[in-house]
Amino acid sequence: AVVSTQSTWKQWYQRRVHGSSGINAEYMGNKGEWRATKIDNPAYKGPWEHPMIANPDYVEEKNVGVYSDIAGVGIEVWQVKAGTVWDNILVTDSEAEAEEFRKATCDNCAEAEKEAKKAIDDAAKAAEEAKRAEEEAAKDEDEDDDDDEKDEDEDKDLDELDDKKDEL
């Protein structure tokens, strides 16, 4: 569509969207942008609200989270780093008991766990260094083989040149 220099961008856009004939053209003039006309609805009762239906089987539970005996714990783990170990799980409602349990179990094994992790990390690092050294040795061996082949080819070429020189 070609826009004349006398019309504004808004007028061009309105013609483009609503067409040159103009849908609801009475709104296009001095009244601003087009809006849908509102129709009265005599049956309108206000915003919708869900109905309250009585449930005769409903019983309100006062102590939902209180259990006298827990036989097991379920843990859903979505993502864990390799080597993560789950142990020493305690379910209690007493902070003092939890702190006492932590001191008795976690504090004692923290150093041993750090040493075990360090040993695993060192072994993985050593394995990676050995693999890297092996790859470099194989690469160097391939390069040496290539150099030997080049030397043999050069020797053959030189011999051929000497033979041709003698013939001349």
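Predicted model: local features only at pLDDT ≥ 70, side-chain atom pairs only at ≥ 80, totals over all residues.
Buried means under 20% relative accessible area, exposed means over 50%, and partly exposed is what lies in between, using a 1.4 Å probe and protein chains only.

Residues are numbered from 1 along each chain as its sequence is written, and side-chain values use heavy atoms, with hydrogens and water left out.

**Cysteines**

How many disulfides does a search of the whole structure find? The count is 0, a disulfide being a pair of cysteine sulfur atoms within 2.5 Å. The closest cysteine sulfur to that of Cys106 sits in Cys109, 5.5 Å away, so the two are too far apart for a bond. Cys109, likewise, is in no disulfide. As for Cys106, it is partly exposed, with a relative accessible area of 34%.

**Salt bridges**

Side chains of opposite charge can pair when their charged atoms come close. Here the structure holds 5 salt bridges, each one a side-chain nitrogen of Lys or Arg within 4 Å of a carboxyl oxygen of Asp or Glu. The table includes some of them.

| Pair | N to O distance |
|---|---|
| Lys62 and Glu60 | 4.0 Å |
| Arg102 and Glu99 | 2.4 Å |
| Lys118 and Asp122 | 3.3 Å |

Take Lys62 and Glu60: Lys62 is exposed at 67%, and Glu60 is exposed at 53%.

Arg102 and Glu99 are 3 residues apart in helix H3 (residues 95-167), so about one helical turn separates them. Helices here are DSSP runs (H or I, at least four residues), numbered from the N terminus. Arg102 is partly exposed at 33%, and Glu99 is partly exposed at 34%.

Helix H3 also holds Lys118 and Asp122, 4 residues apart and again separated by about one helical turn. Lys118 counts as exposed at 52%, whereas Asp122 is partly exposed at 41%.

**A negative patch**

Which residues form a negative surface patch? Among them are Glu152, Asp153, Asp163 and Glu167. Such a patch is made of residues with over 30% relative accessible area and no salt bridge, with like charges joined within 9 Å; Asp and Glu count as negative. Glu167 is found in helix H3 and is exposed, with a relative accessible area of 67%.

Methods. Helix = DSSP H or I, 4+ residues; strand = E, 2+ residues; numbered from the N terminus. Patch = residues over 30% accessible without salt bridge, like charges linked within 9 Å, V, L, I, M, F, W, Y side chains within 5 Å. Areas by Shrake-Rupley, 256 points an atom, 1.4 Å probe, with all protein chains shown as cover. Charge placed at Lys NZ, Arg CZ, Asp CG, Glu CD.
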